[in-house]
Amino acid sequence: MVRDVKVLSELIRRRYREGASLAVVARELGVSKSTVRRHVPARERRDAAAAARQRHRSRAQTPYEKALRAQVVHLYGSGMPQRQVAATLGISVEAVVARLEPSRRRSRQEAARLSVEQQGDLLPQEEIVARYVQGATMAELGRLYGVHPTTIRRRIPDDLVRPRASVPKPRPRSRRVLVEEEVRRRYEAGESAYVLAREFGVSVHTLRARIPAAEWRGRPAGEASAPPSRSARPGSGGVRMVLALSDEEILARYRAGQSATAIGRAAGVDCRTILRRIPEDERRTHLQAQQLNRPAPDVDADTIRTLRARGLTWEAIAARVGLSAKTVRARA
């Protein structure tokens with residue numbers, strides 16, 4: 001019995017020194033892993049990193065691993081990308097990368113170039129040329145086959161000439177019809193050029209070409225882009241624009257608390273045009289306008305803190321004073 005234990009201990013130590021793991025030695029000799037570990041001296045046992053390296057080397061020598069590595073190298077060497085190799089063999093991309101030598105791995109630029117070439121090889125060149133001869137553009141063919149128009153251009157011979165009937169005709173641009181009489185009539189009635197241009201969907205310069213120079217209220221077309229003199233400005237002796245709202249109504253709305261932007265939106269003009277109708281001594285400063293347009297100005301920080309001290313939540317305070325919870329938090 002003692003002799004059998006000695007023989008078993010020698011076999012275990014010899015196989016372990018050869019590189020076999022504890023599980024492999026236990027499986028070969030028909031004993032448990034605890035028995036193998038007990039017969040291997042502590043000074044001879046491999047640490048976790050060394051054991052992992054040894055398992056990797058041992059697994060690499062198995063027939064399955066050799067065949068798998070050969071398949072990975074063969075498929076990858078034929079030009080197949082790593083994801084396609086992994087999908088073909090049913091393994092992960094990381095497993096494919098681990099079985100490839102670093103010197104054989106393709107760079108990103110080379111992989112991208114190879115992918116473009118393979119994608120181009122799958123395109124039906126004869127069908128592309130036939131569609132191009134029939135009148136399809138390169139952009140349309142690119143959208144049809146899901147590639148860039150430059151890729152389509154490489155598939156078309158340089159000496160190919162399409163028949164004249166197949167060349168696509170340029171699409172006529174849809175032009176908006178402006179009734180010059182209506183434009184002049186409405187402009188003479190006092191409507192601004194900006195409102196008319198926005199309504200007809202054209203620029204102010206296009207509208208300017210329909211109005212005679214003698215009737216144009218702005219700067220003449222040939223005049224330099226220098227700032228107009230003070231006497232030519234509205235309100236200083238120059239031509240004054242006729243608005244949909246009178247000066248008295250504009251001033252009344254402004255005194256009632258409406259902003260120049262709101263009045264200009266109602267009149268269809270810019271807010272600066274409205275401000276020219278307001279006397280200098282009655283124009284509000286930026287701070288005054290901000291306080292006037294502020295919702296619920298009587299709800300200050302002290303009021304909000306008092307309501308919070310009563311136990312009300314932010315949402316309850318917001319519903320009570322008619323503000324949002326975010327505004328209530330900002331004022332507190």
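Tyr 187 counts as buried, at 3% relative accessibility (buried means under 20% relative accessible area with a 1.4 Å probe, protein chains only). Trp 216 is buried too, with a relative accessible area of 16%.

The model is predicted: local features need pLDDT of at least 70, side-chain atom pairs count only at pLDDT 80 or more, and totals for chains, interfaces and linings use all residues. Residues are numbered from 1 along each chain as its sequence is written, and side-chain values use heavy atoms, leaving out hydrogens and water.

A search of the whole structure finds 1 aromatic pair (Phe, Tyr or Trp rings, the six-membered one for Trp, with centres within 6.5 Å; stacked means planes under 30 degrees apart). Tyr 187 and Trp 216 form this stacked pair, 5.4 Å centre to centre with 5° between the planes. Tyr 187 lies in helix α12 (residues 180–188), and Trp 216 in the loop between α14 (204–208) and α15.

| Charged end | Ring | Distance from ring centre |
|---|---|---|
| Arg 46 | Tyr 16 | 4.1 Å |
| Arg 308 | Trp 314 | 4.3 Å |

The chain has 21 helices and 0 strands (DSSP runs numbered from the N terminus: helices H or I of at least four residues, strands E of at least two). Of its 332 residues, 26% count as buried.

The largest nonpolar core has 11 residues, including Leu 243, Ile 250 and Val 269 (buried Ala, Val, Leu, Ile, Met, Phe, Trp, Tyr and Cys joined through side-chain atoms within 4.5 Å). Helices α15 (247–256) and α16 (260–267) each give two or more residues to this core.

Definitions and conventions: Buried < 20%, exposed > 50% of the residue type's maximum accessible area, 1.4 Å probe, protein only. Phe/Tyr/Trp six-rings, centres within 6.5 Å; stacked < 30°, edge-to-face > 60°. Lys NZ or Arg CZ within 6 Å of the ring centre and 35° of its normal.
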